[in-house]
Amino acid sequence: MDFTDTPTEAAFRDEVRAWLHDHLPAGWDEHPDPRPSDRRQAEELRRWWQRELYDGGWLGLSWPAEYGGGGATLVEQVIFNEEAALVRAPEPLNVIGLYMAGPTIIAWGTPEQKARYLQPLLSGEEIWCQGFSEPGSGSDLGSLRTRAVREGDTYLVNGQKVWTSYAHLASFCILVTRTDAGAAKHAGLTYLIADMHDPGVEVRPLVQITGDPEFNETFFTDARVPLENRLGEEGDGWKVAMTTLLHERGTMAFGLQVGSRMTLDALVTLARKLGRADDPVVRDRLAGFHLEVEGLRITNLRALAKLMAGAPGPEGSASKLVWERVQQAMTEYAIELLGTAGQVLDGPSAFDDGRWQYLYLRGRGHSIEAGTTEVLKNIVAERVLGLPRSR
Amino acid sequence: MQVAFSEDQQALRAGLRELLEDRCTPAHVRRAMGSATGSDLELYRLLADFGVTDLPGFVEVGVVLEECGRALVPAPVVSAVGICGPALEAASPDGEPDELLVALREGRAIPVVALEGEGTLEAGRVRGVLPLVAEAHVATHLVLPVIDGEALSLVAVEAGQAQIEVAQTMDATRRLSTVTLDGAPARVVGRPDSAPAALGAAQLFGAVALASELVGVAQATLDMAVAYARLREQFGRPIGSYQAISHRCADMFVALESARSHAYYAAWAVTAGAADAELAAARAKAAASDAAVFCAESSIQVHGGIGFTWEHDAHLYLKRARAGAGALGTAAAHRRRIADLMGV
């Protein structure tokens, strides 16, 4: 147990720090949360930043070099993440690609699939989205009904997916379909890579409680997916999807924790602005948030040891539980501190351009997306603790 | 960066666990609990022979204390090795180690440090009343802060020279005493000006020591709760298949893992003298105090009526959790410190 950098790691850290300093906009890290509030502006910033990162060779840092990755160690990946967090660097745009589709393709893809998809996924030229949930299949993912019927060397896909973030920007979708209606629930599924520009794919924005259409409904009507776009064998869909979900809750947690640190810094600044930073009750709450956010950082570091030995474990579900709780709690507390002004979105009485109201409302989704609180607790209970199945 | 325990550290944990599984079962803990002192000094000697009093660094102390917590070791390892040891080390930072530190390492002495109040020193003799000294009644030496003229000093007194009034305590295996000194001969420990640093070290390292022990306590209670929830049936099914039970167990795991992360990081940070060592120690103690109490209380709830009985071991863990959570600053006190250090 030694969190000290080796000389090689220290040199790498210096290199990262210098690069970030040279490439982020001037004065970027002076604001506690420099992310733009406007969704389109934020998307464009993140697209630009992904390209910068890619050109600098920082994306897919720990992926094998043959797939366009940096061939770096996981520790170096972590050092990069830490330094990026310290200067509050934006998140790259293609998170579904980088943290979910990419690792799944590396684990299950054919050499041709790896050669085709990984490089433009890293550069952000091709954005990815995730077609898992359906109107009738939320937590019970295995009950999904989107059909894929094989016709020659093509699958014809019909059905509806929902909560597809980035679908309006995406080139490809990691899509779980039912290919065998007669097989047992989880055995009849097949994992496909669908072209979002196919004429049979329609994306309709879905407005959230924030008023923002951050995600979509995606309709597949005789959409064509070539056979060569299948990940794994027909009927392997559930196993391939589990790889994606473990990465969603494990690998992605590194990125999420960065956002939590920014939220905490901004909350401390807000408490000061409101003249509440000396109130012992307020200080106690802020310290409690710091405790959780930092705990998440260290737990993620500890998870590294497991990642080095292979795929992320089910313990990633515990990190996601902590993240959603602290992220919600911080934004709830901001609204509480604001009192009456907690309603105001613009004008002279507004604080931080209505960002807290957005984060608060958006936060209600954190305990639903990527596995509800209840599903994640089931996973911890059954897969980590070995308790009997709850159904 | 090596975010895992070394092979030596893993071997230390495995060897100690084996020793404790044989020599510190709940039956042993209960025997100690029912004894006059509440403490098992023969076990302490075995542990000293095993090497727990002379470890290479504080990460190893953390490993040892986590295992001690898991087994509810009823001997003054935390007080002597985890809290007093660092104070004695800080008292002579660059000179010869103090003779009492050498004796502690060699297993010849069990020193404990008083952390509430102070005595007065005059002509080599100490007077005063110091409350709430943990495990003073089984110590060989008491290390005490004293006012020496104007300055604060640290002195060592042979336990036999002090009047020690032992209180009955909720955790009967970690007694607290009022120590009264009426002119006992005292020896100044370490460099004359080192007392503030030594007491600071007792607080800093002691917080991490207790956090490590509390992580072990929490782990044991989670293991017990899960084992019981798998076996115990009601309404025709194991109670662990009900989400009301299984989700509480998941909550215990989440609290424990967070506390574990803080404790491991803090043990490294205080060893390495990291810039955030003090903040890390405060986080570790705050997280572990809350997690251990939550887990120990939850374990009793999961066990239902049997968990509320004297004959069941669940209460032993709750009492140890409370002993650790209350000592060297509660979770709330450490959160106050965190707010100061994080720059609110």
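A residue is called buried here if 20 or more other C-beta atoms lie within 10 Å of its own, with C-beta atoms placed from the backbone. The legends below all describe a predicted model.

**View 1. Strand β1 of chain A is covered on both of its faces.** In this strand, which runs over residues 128-131, A:Trp128 and A:Gln130 lie on one side, while A:Cys129 and A:Gly131 lie on the other, and all four of these residues are buried.

**View 2. Strand β1 of chain A pairs with strand β4 of chain A.** The two strands run in the parallel sense and are joined over 4 bridges, with β4(A) covering residues 172-178. Within this pairing, A:Trp128 stands opposite A:Phe172, a residue of β4(A).

**View 3. Domain 1 of chain A touches domain 3 of chain A.** The domain assignment of chain A places domain 1 at residues 7-93, domain 2 at 128-236 and domain 3 at 250-384. The centres of domain 1 and domain 3 of chain A, taken over C-alpha atoms, are separated by 21 Å. In this view, 10 residues of domain 1 of chain A are in contact with 16 residues of domain 3 of chain A, and those on the domain 1 side divide into 5 nonpolar, 2 polar and 3 charged.

**View 4. Chain A meets chain B.** Here 37 residues of chain A are in contact with 38 residues of chain B. On the chain A side, α8 (280-308), α9 (316-338) and α11 (373-384) each supply at least two residues, and the largest share, 15 residues, comes from α8(A). By residue class, the side of chain A that touches chain B divides into 21 nonpolar, 7 polar and 9 charged residues.

Definitions and conventions. Residues numbered from 1 in each chain as written. Chains lettered and ligands numbered in written order. Predicted model: local features only at pLDDT ≥ 70, side-chain atom pairs only at ≥ 80, totals over all residues. Contact = placed C-beta atoms within 7 Å. Nonpolar A, V, L, I, M, F, W, Y, C, P; charged D, E, K, R; others polar. Domains from an automatic or database assignment. Buried ≥ 20, exposed ≤ 12 C-beta atoms within 10 Å, placed from the backbone. Pairing = 2+ DSSP bridges.
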